[in-house]
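Please open the model in the viewer and keep the sequence at hand.

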Amino acid sequence: MPISPRQDAMALFDSRFIRQLERLELVWRRAAHGALAAERRGTQAGTGLEFADHRLYAPGDDFRRLDWNVYARHEQLLVKRAYDERELDVYLLVDCSRSMDFGSPTKFDCARRVAAAVAYLALAKGDRVSVAGFAADVLTGIHSLRGKASIFPLLAWLERLAPCATETNLARSLHSFTSKRRPRGLAAVVSDFYDEAGFEAGLSLLQQAHRTQVVQVYTPSEANPALSTESRLGGALLCDIESATSRSIEWSGPLLESYRAAFAEFQQSLVGYCGRNGLGCLLASTALPLDKLLLDLLKKTRAVGCHA
Amino acid sequence: MNFADPSAWRWTWVALPIVLCYLARVRATRVDVSTMMFWRRAAERSPTCWHARWPRRWVSLAAQLLIVTILTLALAQPFLSSDQRPPQRFALVIDESASMWATDEPPTRFCAAIRAAGRLIDSLQPGDSLAILAAADRPRIVQPLTEDRSALRQALEGLRGAARPAAGVSDPRAAVALARSMLADSMGTHKGAARGQVVLLSDGCFEGADRLAATPDVELVRVGKAASNLAITACGARRDADDPARCLLMVEVTNFSANAAQTDLVMDLGGQTIELDKPRLAPQGVWRKSIPLSAADIGSRDGAAIIRLTATDALSADNRASIVLPLCDIRTVVLVTAGNPVLRAALETQPSMKLRVVGRLPDESISDLPADTILVFDGVTPARLPAYPSLVIGPVNSCDLWSIAGKLEDSLAAWQDRGSPLLRAVRLDQARLEGVRRLTFSAPAHVLAATQKGDPLYAALERPEGRVLVLAAGTDLGDLPRHTAFPILIHNALAWLSAGPATVIRPRVETASGLLDRRESDLRPSHEMQTSSPMRSPFAASPRSSTGKPISITLLACGLGCVIGEWWLYQRRGVR
């Protein structure tokens, strides 16, 4: 269980962060009034208020659902069907692998903030929120939180969450997550997706079970490495903090150009995969302000989640 | 290939820190990355980047070492053996004049000249012989003509330790003439050698430097830069003709610079420092002034004074002058009195006087008195005045020079000789004298003050044995002691009696010692002399390549090319 031994006051989610979330909620309410929510309709007909279609009356049906206007006009007993209005299950999967503990601020901090913000907005709308960490496999999470007041135990849990020393294994982690029976909902994966085995297998599994939103967190130094003069003169010993492997290189312009191209191709492949398969995708740089990042994320989440 | 300046090879030590820096730099810097997969993909696309590290670095190190080698080679001034000249004879003349102690070339110009001489000795070629001469007030041979470099260096060290600023006017031309004669005398012992050359290490601050520098067999290697300087160029002192107790100090200060200057002129005398003036000098200006020094300034000190300027400039030797001030003589005054405290006090305040009080003048005391003693008689006088200058105050009895006939009824001074130095700043008509006796002189007397009726009150008598002054006041002097004129009257009287009969004061002028010649104090050479760079020894052969251009220039060009190449390598290694 990657829970930090620190039990002190929350340094990551301070009062300033909470105020920022409240302000974001107001902005979001104005921008998306009436278009979301536990006001979300289900894909199955149910007992909601929004009309779906008619069907023939069968014995045992509720008389209150008979459409008397149709009967008066056609003398046929039809029952009104409505979309089932129910709460949305939001699943937040936060990457806890060692590679997330990189940059300043770290990608892990950024991921936790994004997860906390999404959870707050979902709880405010009355949705049910579950958060879990993963690395090589799914780690213990916090499940089925309801109500706005649940944000504080959630924040405390996220505060204690720490990166573990294992490598990312998206396929195994998402397979473990989807193998447990859960109501269909919106699943958001916040990760850097640096998996040597690729991200396609894992996301494919997740997509079959839930509407999926992908948030790829990266640092500016990963996209465009900046090197000191000493490194330029003496070369560099690259140390992978996740796999603990190292390799010495000689800096050169072509090498860096190749690196940038490889990184850009990786992001394009992720965006392309999500686009082809109907997944929302957001590339989140840790250099971006949190509010801008969240607004972009919520716009994409709306596009994905309004029909969940 | 030979080298004109082999000592330049010490610059090869620069290669050591370059290698150390290289070794320190080749250690790879640890860089943490979140994943290696992008670097791996990048390396697959540009595989040469992984293997080009060591060769390119070694090329950079080799380029840097090559730069150091080429530049050191250029500093050593190589020349081909075919360009080597035959052995020659040189005479090195080192200027020891006072201006060589200027500090514009730290620590002094002389030390810089010694260093330059050491470099010249290092650049001697095998077979060359060298003599060292010092040009002080008189030229001297420090080291005769020799090929032994160690002997030359020892002589140079001896010269450095024993050299002092020349007190008189140095003349390097005499030393150059001596050097020429040495070289000419050695022609017989050095068969086949070319005519010798004289190398003069000097600052050029002497007369005829221009002509000497233009002489073909003399190469003047100039030491030092043009520097500003203040100097005491003249200083003298003499006794004041009007007041022998005073002394006049005459000082001339010259500003040898193109800027205005101000300094303090002070005098150190008897352990005390007396501020004399604050000369303000215009550019190239000369300040002259006669400064009166009173007896109180000089006091009873021995008169050995140092006049100096407090300003700090390039040459301190000309900021001071030693002088012996002409002190006034201490004369003995013998007061013969039965007790007159007023007169005694007036005599005690006189400077340069040693007072001795006696009740009467016994005959045996006369012979003990110094010849320049002044006698002051209060009332009673001997029947015959002794053969000393004498001042008689209120005579009550006759003597060989005057006779007394009763008292005057009218004792007010109605007339006085205003032109006499004896009555300078004295008004006897404002004093009331009591009990004045009528004097009748038996010898020629010059009446200085008289009553309305012409009776003398104050008279001067000349006699071969000594001057005599007589003031015909009563024994209590009336109210004369209460006037400020009374001590002045006594002072004038003693000064007149000290001068003696028919003495014309012709004070002798004392001249200061330790002054430098004006040309030595002017630290600006009067012309732009041809200077020899320390890197280019006059003893060296002409380091030229076969193309006619100096080899050093060619090497410097190669070094510049290597620098550009290394810069290109550096840029190639860098990140766009």
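Are Tyr259(A) and Phe38(B) buried or exposed? Select both: Tyr259(A) is buried, and so is Phe38(B) (buried is under 20% relative accessible area, exposed over 50%, partly exposed in between, with a 1.4 Å probe and protein chains only).

This is a predicted model, in which local features need pLDDT of at least 70 and side-chain atom pairs count only at pLDDT 80 or more, while totals for chains, interfaces and linings use all residues. Residues are numbered from 1 along each chain as its sequence is written, chains are lettered from A and ligands numbered from 1 in the order in which they are written, and side-chain values use heavy atoms, with hydrogens and water left out.

Now display the side chains in contact, meaning heavy atoms within 4.5 Å. Among them are Leu255(A) and Phe263(A) in H9(A), and Met37(B) and Trp39(B) in H2(B).

Finally, return to the rings of Tyr259(A) and Phe38(B): their centres are 6.1 Å apart and their planes at 90°, so the pair is edge-to-face (centres within 6.5 Å, planes over 60 degrees apart). This pair crosses between chains, from H9 of chain A to H2 of chain B. Both residues belong to one aromatic cluster, which also includes Phe193(A) and Tyr273(A).

Methods. Helices (H or I, at least four residues) and strands (E, at least two) are DSSP runs, numbered from the N terminus. Rings of Phe, Tyr and Trp (its six-membered ring) pair if their centres lie within 6.5 Å; planes under 30 degrees apart count as stacked, over 60 as edge-to-face and the rest as tilted.
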